[in-house]
Amino acid sequence: MLQRDTAAHRAPGPDFLELPTWFLRFKDNTFNAFVTLAREYSPVARFPISPKRSLFLCSTPEGAQHVLQDNHKNYRKAVTYNFIKPVVGEGLLTSHGDLWLRQRRLVAPIFHRRRIQSYAATMAETTEELLERWERHGEAPLDIAESMSQVTLSIAGKLLFNRDIGLESDWIGDALVLLFRDVNQRIMSPLRVPRSVPTPQNRRVQKAIERLEKLVYGLIEERRGRAEELDDLLSMFMLAEDEETGEKMSDEQIRDELMTFIIAGHDTTSNLLSWALYLLSKHPGVRRRLEEEVDDVVSGQIPTFEEVRKLDYLEQVIDETFRLFPPAWTVEREPIEDDVICGYHIPAGSIVSVGPYFVHHNADVWDNPEGFDPDRFAPDKDRPPRYAHFPFGGGPRMCVGADFAILEAKLILGAIIRRFRLDLLTGHIIEPEGTVTLYPKHGIQMRLRRRS
Ligand code: HEM
């Protein structure tokens, strides 16, 4: 059925003669170009990326709700997700239809709230290991983005696969930056060199994928024959049987899921933590108030699960960090049939980005959108509409690891604040780079001081 509203308008966007300048902007800095485009032509910006296909950037809560929830049946994951398929294949993030539903149901118990509670001890123990390393490191500058990547990877590995892969974080981090930058270049480049052509860039990408694959197939091999012994995500994949055919999951499908969970399970949380520590160093008043809350609530060195639940101001700080720097800054879909968003006609086959970043920075939705003010989320204030703040997406494809991530982020931040005060190194430039996730391009160099 054609859903096109005949009264719907063509969304505004750069005119034909401006396109070369915009393509150069995209090539130079994709994230900045997206943000400028979304802002200049809000609420729905149109940009033709090929003669047949346009990109639409939507920056209103209503648009996000329409695409992700109310009319989600008319949307599938956009072709942009195909660019990450060489890495994550048909894992939970990228698959569709029956396969997606079966896998989503399969993993649900691992991410159930009651089960998440039992993860606090491992999260605490791994955070303690990080803080001990920091103690030994002393006051010399440190890239805390690297530390956050290591601790979150370690936690995801231990809890999901019973293997500490934190020590691999250096090369995994480099591989992801390389792969995600390549994805950005491919999305916005009118002339793409196929991956099969052995250019230096393609060879680097292939090598990074092979190294990740080696890690993942190693995990599967190690577990073979003893999957019953452990009750984690990896065993769950290895033991699962199709309800109708009784068939086990293929090694390729398990590979895709492990790749998905290694990446989705740490990179976003790591970025959130880095941005939060950066923002706190720039806002000493907020930091002081947070230190008071943490000192009041946390009796030992690391918050317990019960104490984490009492850290309300910390939750506000996290919500405000999510607003300013949503790690999953763009969520993309493709309409199956023509649609109308905020009164604008969206042809079938387009790419629609309902970017949390665009909505979270929209001045029609938020007062002083660029300011850092955790009190926006104070209990006595009205909650913003559901899709004014949606760092975990929404609708059926909403993040499966949201509760896991929140517990982890509160626990790690609470523990850091209890023991250390972190200050940004003078002169260090902070520049957000948005590829698949939004991260600090040059890391975050900080100096640590022991508080107590
Ligand atoms: C700060 C942390 C996180 C953020 C901001 C985040 C954000 C998101 C968003 C926005 C989506 C939806 C993408 C879309 O609709 O296209 C998503 C999906 C997903 N996330 Fe997260 N995520 C986080 C942490 C995690 C963690 C800790 C895990 C696992 C341990 C995880 C696993 C996944 C998976 C598997 C999906 C695909 C779900 C599906 O399509 O059914 N995420 N995430």
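I began with Asn-162, which sits in the loop between α8 (144–161) and α9 (169–188). Helices (H or I, at least four residues) and strands (E, at least two) are DSSP runs, numbered from the N terminus. Asn-162 is not a glycine, yet I found a positive phi of about 55° for it.

The model is predicted: local features need pLDDT of at least 70, side-chain atom pairs count only at pLDDT 80 or more, and totals for chains, interfaces and linings use all residues. Residues are numbered from 1 along each chain as its sequence is written, and side-chain values use heavy atoms, with hydrogens and water left out.

I then checked a proline. The peptide bond between Ser-42 and Pro-43 is cis, with omega at about 10°. Pro-43 belongs to the loop between α2 and β1.

**Iron and ligand**

Which protein atom is a donor to the iron atom of the ligand? I found SG of Cys-399, at 2.3 Å, as the only protein donor. Donors here are N, O and S atoms within 2.8 Å of the metal (3.2 Å for Na, K and Ca); water is not among the atoms, so sites may look incomplete. Cys-399 lies in the loop between α17 (356–360) and α18 (402–419).

Next I looked at distances from polar side-chain atoms to oxygen atoms of the ligand. For Tyr-81 the distance is 2.6 Å. An N or O atom in the Arg-104 side chain is 2.7 Å from a ligand oxygen. For Lys-77 I read 2.8 Å.

**Five-stranded sheet**

I traced an open sheet of 5 strands in the order β1-β2-β8-β5-β3, with mixed pairing. Two strands pair if DSSP finds at least two bridges between them. β1 (44–48) and β3 (75–77) are at the edges with a single partner strand each, so one side of each has no neighbour in the sheet. From one strand to the next the twist averages 30°.

β2 (54–58) and β8 (351–354) run parallel, joined by 4 bridges. Cys-58 is opposite Val-354 in β8. Helix α2 (30–40) packs on this sheet, touching β1 and β2, and its direction makes about 70° with that of β2. Contact means heavy atoms within 4.5 Å; axes are lines fitted to C-alpha atoms, for helices over the stretch in contact, and angles run from 0 to 180 degrees between N-to-C directions. Helix α3 (61–70) lies across β2, β3, β5 (332–335) and β8, at about 120° to β8.

**Three-stranded sheet**

I also found an open sheet of 3 strands, β4-β12-β9, with antiparallel pairing. Its edge strands, β4 (142–143) and β9 (420–424), each pair on one side only. Between β4 and β12 (445–450) I noted 2 bridges, and Leu-142 is opposite Met-446 in β12. Helix α7 (120–137) packs on the sheet and touches β4, β9 and β12; its direction makes about 65° with that of β9.

Definitions and conventions:
A polar contact is a pair of N or O atoms within 3.5 Å; within protein, one must be able to donate a hydrogen and the other to accept it, and residues adjacent in sequence count only if both atoms are side-chain atoms.
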